[in-house]
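Colleague: I would like to learn how to read a few features of a protein model, one at a time. Could you give me the general idea of each before turning to the case at hand?

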Amino acid sequence: PNLSISLSRLYPFKRKRKVGKDRWYEKIALTYTGTLSNSISTKEDQLFKSNLIKDWKNGMKHSIPISASFSIFDYINVTPSFNYTERWYTNKIDQSWDDLTGTVVRDTTYGFNRVYNYNLSISANTKLYGFYKPSKAVFGDKIEMVRHVLTPSISFSYAPDFSASRYGYWKTYTKTDADGNVSLVEYSPYANSLYGVPSKGKTGSVSFDVSNNIEMKIKTDNDSTKKISIIDELGASLSYNMAAKKQPWSNLSTRLRLKWGKVSFNMNAVFNTYAYEFDENGNVVVGDRTEWSYGRFGRFQGMSKNLSYTFNNSSWKNISKKIRKLLGKDDEEEVEGSDEDGELSSDEELTSETESSSSSSESSGGLDADGYMKFSMPWSFSVSYGISMAEDRSADINVKSMRYPYKFTHNLNFSGNLKLTNNWNVNFSSGYDFTNHGISMTTVNIDRDLHCFNISCGLVFGTFTSYHISMRANASTLTDALKYDKRSSYSSAIRWY
């Protein structure tokens with residue numbers, strides 16, 4: 001038997017009769033989640049003869065998160081939170097060492113046992129805005145304004161060491177082996193309980209993060225304005241572990257994201273805080289001295305970047321129209337289904353095109369200007385190229401600069417979607433492996449909507465070639481009850497020669 005109890009978010013200090021603005025304590029909110037579980041592993045004829053307390057593994061867990069959100073000076077957003085977890089167990093197992101038999105003695109004690117832990121955190125962030133109006137003499141009169149948004153944030157988290165003896169969650173016993181060696185063994189009386197035991201060690205860290213966004217507002221040809229993203233995000237993060245006895249600083253992580261129309265570019269880079277050094281055996285290890293102490297910026301550990309572009313019905317029509325203009329051909333055909341910025345996601349574009357096609361078909365009797373039946377087949381095709389750069393630890397280090405050489409790996413991936421009809425849908429994905437010089441794993445999924453049921457077929461080509469057929473009821477209440485799945489095993493997998 002299992003039981004779950006949940007309490008929706010409530011504000012215990014909120015006034016029943018509100019006058020004026022909310023006070024800071026009225027913004028404190030809490031929720032509650034409780035679970036009661038029982039399980040047993042036994043033989044069928046012994047199930048109803050078992051004792052619920054002694055033979056079953058049971059317990060109850062309570063989770064109470066408390067949080068709030070305040071504004072200081074109307075500009076700084078502060079979010080404190082406190083998470084409390086309590087576990088109830090019906091037994092615990094103490095351990096000791098028997099020197100006569102040379103074995104561990106386990107003593108089970110039955111009764112009510114309460115095991116709890118908690119942690120707290122607080123974060124603060126704000127936004128700083130900067131505006132720049134470019135010179136019309138240099139940049140023309142189409143650029144109206146450039147906006148820069150700087151978002152700094154800082155967070156602090158703390159949890160005490162629940163392995164301390166006063167809690168009783170972790171204990172020790174002295175063990176003497178056959179050779180007379182004495183050692184101290186640490187264990188938890190609640191290690192095998194349903195919800196476990198709080199982890200050992202105190203935690204406390206301070207995290208810093210900064211994010212930048214740059215946008216530009218320009219005039220269009222029809223005298224309206226639109227926003228263009230110059231830098232969607234440029235950010236960095238760093239943390240300090242107050243509980244660490246050595247190397248408390250984390251590595252510096254940086255990120256860059258660009259979105260220019262249908263083209264998106266992502267790059268992540270890591271700079272190591274601590275410098276390499278040689279140990280007493282002449283091996284290269286990460287030392288406790290920072291790169292900053294040598295007057296150097298953090299050691300560049302590696303980076304990864306990805307460039308992607310998505311084609312679909314709308315974007316392909318726009319590209320075709322531009323090509324025709326460049327070739328001097330008149331193209332009076334209007335591009336349907338695209339917005340001003342041309343930045344609809346694939347799913348939104350497929351939906352909008354299907355709806356617009358359907359509505360236009362109804363208004364014109366399902367015929368186009370030439371009297372033929374209108375036909376629409378929404379599709380999308382995405383291509384992405386990724387490259388990563390990392391230290392080559394298999395090579396020799398440069399003793400003068402204490403740097404390893406770098407190696408590059410890159411990959412090409414592509415995926416697509418084709419909606420044959422309102423009920424037929426095809427998805428596929430593949431790529432090229434530059435390391436092994438061949439096509440990477442390719443997947444094809446075909447879905448068919450049967451109104452009350454949905455049938456899908458998945459094919460995988462490559463090293464692990466296989467197939468999967470599934471049929472399920474569309475109603476959410478019947479999905480798990482009415483279903484059929486067929487997967488290929490290794491012996492029945494598809495073979496391609």
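Colleague: Which side chain makes a polar contact with that of lysine 127, and at what distance?

Modeller: A polar contact is a pair of N or O atoms within 3.5 Å, where, within protein, one must be able to donate a hydrogen and the other to accept it, and residues adjacent in sequence count only if both atoms are side-chain atoms. Here the side chain of threonine 151 is joined to that of lysine 127 by such a contact of 3.3 Å. Please keep in mind that this is a predicted model, in which local features need pLDDT of at least 70 and side-chain atom pairs count only at pLDDT 80 or more, while totals for chains, interfaces and linings use all residues. Residues are numbered from 1 along each chain as its sequence is written, and side-chain values use heavy atoms, with hydrogens and water left out.

Colleague: Where does threonine 151 lie, and what does it touch?

Modeller: Helices (H or I, at least four residues) and strands (E, at least two) are DSSP runs numbered from the N terminus, and threonine 151 belongs to strand 8, residues 143-159. Contact means heavy atoms within 4.5 Å; leaving aside residues up to four places away in sequence, threonine 151 touches Thr126, Lys127, Asp209, Val210 and Ser211.

Colleague: Is threonine 151 buried or exposed?

Modeller: Buried means under 20% relative accessible area, exposed over 50%, and partly exposed in between (1.4 Å probe, protein chains only). Threonine 151 counts as buried because its relative accessibility is 17%, and of the 497 residues of the protein chain, 26% count as buried.

Colleague: Where is confidence lowest, and where is it highest?

Modeller: pLDDT is the predictor's confidence in each residue, from 0 to 100. In the protein chain, helix 3 (residues 346-363) is lowest, at a mean of 45, and strand 8 is highest, at 94. Over residues 331-363 the pLDDT is below 50, and this stretch has 41 contacts in the model beyond near neighbours in sequence. Where pLDDT is low, the predicted coordinates should not be read in detail.
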